Amino acid sequence: MSDGDARSIRAGRRTVRVHRPGKVLFPGAAGVGQYTKGDLADYYRRVAPYLLPHLRGRPLMLERHPDGLDGPRFMQKNAPGHYPDWITRAEVAKEGGTVTHVVCDDTATLLYLADQACLTLHRWLSRTDRAAGPDHPDRLVFDLDPAGDDFAQVREAAVRVRELLDELDLPAAPMTTGSRGLHLVVPLDGRHDFDDVRRFAHDVAELAASRHPERLTTAVRKKERAGRLYLDVQRNGYAQTAVGPYTVRALPGAPVAVPLSWEQVADPDVHARRWTIADAVDQARSDPWAALTGRGRALGPARRRLAALTR
């Protein structure tokens, strides 16, 4: 099939056209495979049952690469007017006005975005389809950002942060970023606004860094980190985004951000780019977060425990 052909894919009640499915988006290189727009669409179709629960109701920032990794990148917030009217949209406030985001509620939308060469879906930590609204996140994220590509450093940091979260009686769901680090995701009940959640995340990170000052830091400036792993909580602000579970990253080999079990975090063969579009669906089928992301937690009890620990 030439990259000038178009391909129709059935998704529920809709049929989505993927144009130029043979177009290479991920050029091959030493040790990594080559993948096309058709491969991207096939992956998103297969992973949709596992990915969509993490996207529904959430405004998205779309990372598009129309000419593949070797071409320009577009970070798209506004939903263009030419997008089909069956794609869900969410209008949210921004400084001086509003912005209308795409919301991915179904497989057809996933396939349409793949046709737009949207490689990575960056999601809000709040939902627009809940009573609390977009100002109240139901996810808290700790981004474990290593100084280099040393995943052993990430693995150790994840264990240290989890130990502290256990003391606060908060579950932590680990996920590879598909790039270099891990995200630890804490499900919340959505009763607190972004300012409250970010302050709490900052205080937790500060305590974790104070307990392990030679390993962890909250220093925003890289020159102040001195090789330590950065505990990044900046994603917990209004209109900030985090990469969605099972989303493809715009990197050679098409690595995927995948949820992990804590047993997998301890596995020395696991690293941030371990899974790609070739095998991430197998990981998704194992449902590693089944026991971790149930009912969201309130922050009140955790705050009281944190205050007791910092006295």
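Predicted model: local features only at pLDDT ≥ 70, side-chain atom pairs only at ≥ 80, totals over all residues.
Arg180 is partly exposed, at a relative accessible area of 28%.

## Other charged pairs

Let's look at the wider set of charged contacts. Side chains of opposite charge can pair when their charged atoms come close. The structure holds 22 salt bridges. One of them joins the side chains of Asp67 and Lys23, at 3.8 Å from N to O. This pair links distant parts of the chain, 44 residues apart: Asp67 is in the loop between strand 5 (59-64) and strand 6 (74-76), and Lys23 is in the loop between strand 2 (14-19) and strand 3 (24-26). Asp67 is partly exposed, at 46% relative accessibility, whereas Lys23 is buried, at 13%.

Asp129 and Arg127 form another salt bridge, with 2.8 Å between the closest N and O atoms. Here Asp129 is partly exposed, with a relative accessible area of 43%, and Arg127 is buried, at 12% relative accessibility. There is also a network: Glu156, Arg160, Glu163 and Arg215 are joined by salt bridges that share partners.

## The nonpolar cores

Now for the nonpolar side of the picture. The largest nonpolar core has 81 residues, and Tyr43, Tyr44, Leu121, Phe142 and Leu144 have the most contacts inside it. Helix 4 (residues 194-211) gives the most to this core, contributing eight residues. Apart from it lies another core, made of ten residues, including Leu125, Val141, Ala242 and Trp289.

Leu144 is worth a look on your screen. Not counting residues up to four places away in sequence, Leu144 touches Val154, Ala157, Ala158, Val161, Gly181, Leu182, Leu184, Leu229, Tyr230 and Leu231.

## A buried glutamine in a loop

Gln116 is found in the loop between helix 2 (107-115) and strand 9 (118-124). Gln116 counts as buried, because its relative accessibility is 15%. Leaving aside neighbours within four places in sequence, Gln116 is in contact with Arg64, His82 and Tyr83.

## The annotated span

An unreviewed UniProt entry lists residues 36-289 as "domain: DNA ligase D polymerase". In the model, this span is 27% helix and 22% strand, and its end C-alpha atoms lie 30 Å apart.

Definitions and conventions:
Residues numbered from 1 in each chain as written. Heavy atoms only, no water. Core = buried A, V, L, I, M, F, W, Y, C linked by side-chain atoms within 4.5 Å. Buried < 20%, exposed > 50% of the residue type's maximum accessible area, 1.4 Å probe, protein only. Helix = DSSP H or I, 4+ residues; strand = E, 2+ residues; numbered from the N terminus. Contact = heavy atoms within 4.5 Å. UniProt positions renumbered as here; feature names shortened; annotations may be inferred. Salt bridge = Lys/Arg side-chain N within 4 Å of Asp/Glu carboxyl O.
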